[in-house]
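Hi everyone, thanks for coming.

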Amino acid sequence: MATIDEMICALARTRDNAVNELQRLKESGTKIVGAYCLFAPYELIAAAGAVPVSLCGTSEEPIAHAEKHLPRNLCPLIKSSYGYAVTGTCPYFFYSDLVVGETTCDGKKKMFELLEKIAPVHVMRLPQSNNRPEDIAYWKHEILLLRQRLERQFGVVITDSALREQIRQRNAQRSLCRELYGLSRLDPPPLSGIELHRVLHGSGFAFDRPRHNAQLRALIDAVQDAYARGEKSAPAGRPRILITGCPIGGATEKIIRIIEKSGGTIVCYENCGGAKDREYPVDETIDPWDALAQKYVRLACSCMSPNDARCELLSRLIDEYAADGIIDVVLQACHTYSIETRRIRELAQKQKGKSYLSIETDYSQADEGQLRTRISAFLEMLH
Ligand code: SF4
Ligand code: SF4
């Protein structure tokens with residue numbers, strides 16, 4: 001029987017294994033659809049018989065190549081993603097039969113115009129707000145346009161029952177991830193922040209969903225049993241940190257490492273890859289097309305104006321996870337998240353009475369020393 005560490009490693013490796021898995025799927029004739037954002041309705045892509053895969057770049061390596069076409073003063077996530085695409089070094093992009101982009105922030109939507117020169121791209125036009133019935137109707141129309149594109153390009157018919165089945169499967173995966181990260185409500189949390197991050201990140205690259213869901217179930221059960229036996233991986237009482245802001249992963253794992261090495265414990269990730277998507281399942285009781293539109297347009301992303309959904313979600317998570325401090329991660333040149341720091345600071349400090357730290361970073365490791373100093377001082381304050 002595998003140990004908890006072995007189970008975590010196996011789940012964290014899901015992303016590394018995804019390249020071979022994609023190659024195998026491609027050779028067997030399966031269509032691959034790359035996407036750049038949480039707004040891409042993966043259930044719809046899967047209902048077309050295709051495999052959705054994230055193309056977001058998290059490494060500094062291809063950024064210099066991207067800067068030949070893109071301004072330097074642009075978010076590293078966009079530059080990294082584009083750099084991988086133009087240099088042909090991203091196997092996920094290479095295998096993609098279609099790329100789905102969404103008009104989220106300005107940088108991303110203009111980047112898609114350049115991508116169209118090297119790959120088939122379908123752009124979904126997001127509404128700018130998500131708090132009116134018209135926004136949901138508009139997004140449903142965009143979802144139906146994506147349906148048409150998938151049907152036309154792949155020569156398939158997407159039935160309601162296939163879509164319902166994909167919604168059911170993906171909700172099951174969301175629910176397991178929620179259960180797993182929900183264990184961090186305990187003090188001490190059973191998993192470290194880096195372990196939790198790697199499992200959640202890997203989950204986005206799980207193509208064999210039933211197998212992956214069984215692995216998640218086994219890990220949750222094993223972790224709960226070990227905790228009940230008193231096996232704790234860290235002492236209780238460490239400052240409990242909630243992470244919000246821009247997506248993190250790859251190069252920005254430096255932030256997770258620094259927080260935990262400096263004595264903090266990460267109890268919740270609100271950002272993409274964490275709770276932002278998984279807290280809200282697709283409604284299985286209504287028309288599946290309406291359900292997809294409602295679910296995805298309400299994502300608490302800073303590209304929405306206003307973005308009240310982020311404050312509502314954060315407010316609840318701060319309470320549920322008994323967070324002592326909120327660290328708001330802003331990627332360099334991300335205007336929307338940068339501007340929202342003011343509102344999130346007010347929410348954390350004035351409404352919730354919690355400490356707040358905003359940090360700006362990029363994909364280089366040059367700022368590690370400075371980050372360590374700021375984060376250590378912040379955690380010191382929380383002791
Ligand atoms: S933060 Fe917004 S734009 Fe960026 S990946 Fe997440 S949902 Fe997409
Ligand atoms: S981090 Fe900000 S600038 Fe970068 S892609 Fe996401 S929303 Fe756009």
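So, what sits around ligand 1? In this predicted model, the shell is made of Cys37, Leu38, Phe39, Thr104, Cys105, Cys246, Pro247, Cys272, Leu299, Cys301 and Cys303. If you sort those residues by type, ten are nonpolar, one is polar and none are charged.

Now, where does ligand 1 lie relative to the domains? Domain 1 and domain 2 both contribute residues to that shell, so ligand 1 lies between them. To place them for you: the domain assignment gives residues 4-160 to domain 1, while domain 2 comes in two pieces, 173-203 and 215-382. Their centres, taken over C-alpha atoms, are 23 Å apart.

How many residues does each domain put into the contact? Domain 1 gives 40 and domain 2 gives 45. On the domain 1 side, the elements giving two or more residues are helices H1, H2, H3, H5 and H8. That side has 23 nonpolar residues, ten polar ones and seven charged ones.

Okay, let's pick one residue out of helix H5: serine 81. Is serine 81 buried or exposed? We count 26 other C-beta atoms within 10 Å, and the cut-off for buried is 20 or more, so serine 81 is buried. Setting aside neighbours within four places in sequence, serine 81 is in contact with Tyr36, Leu55, Cys56 and Gly57. Valine 51, on the other hand, is 30 residues from serine 81 in sequence and 19 Å away in space, C-alpha to C-alpha.

That's my tour, so over to you for questions.

Definitions and conventions
Residues numbered from 1 in each chain as written. Chains lettered and ligands numbered in written order. Predicted model: local features only at pLDDT ≥ 70, side-chain atom pairs only at ≥ 80, totals over all residues. Domains from an automatic or database assignment. Contact = placed C-beta atoms within 7 Å. Helix = DSSP H or I, 4+ residues; strand = E, 2+ residues; numbered from the N terminus. Nonpolar A, V, L, I, M, F, W, Y, C, P; charged D, E, K, R; others polar. Near = placed C-beta within 6 Å. Buried ≥ 20, exposed ≤ 12 C-beta atoms within 10 Å, placed from the backbone.
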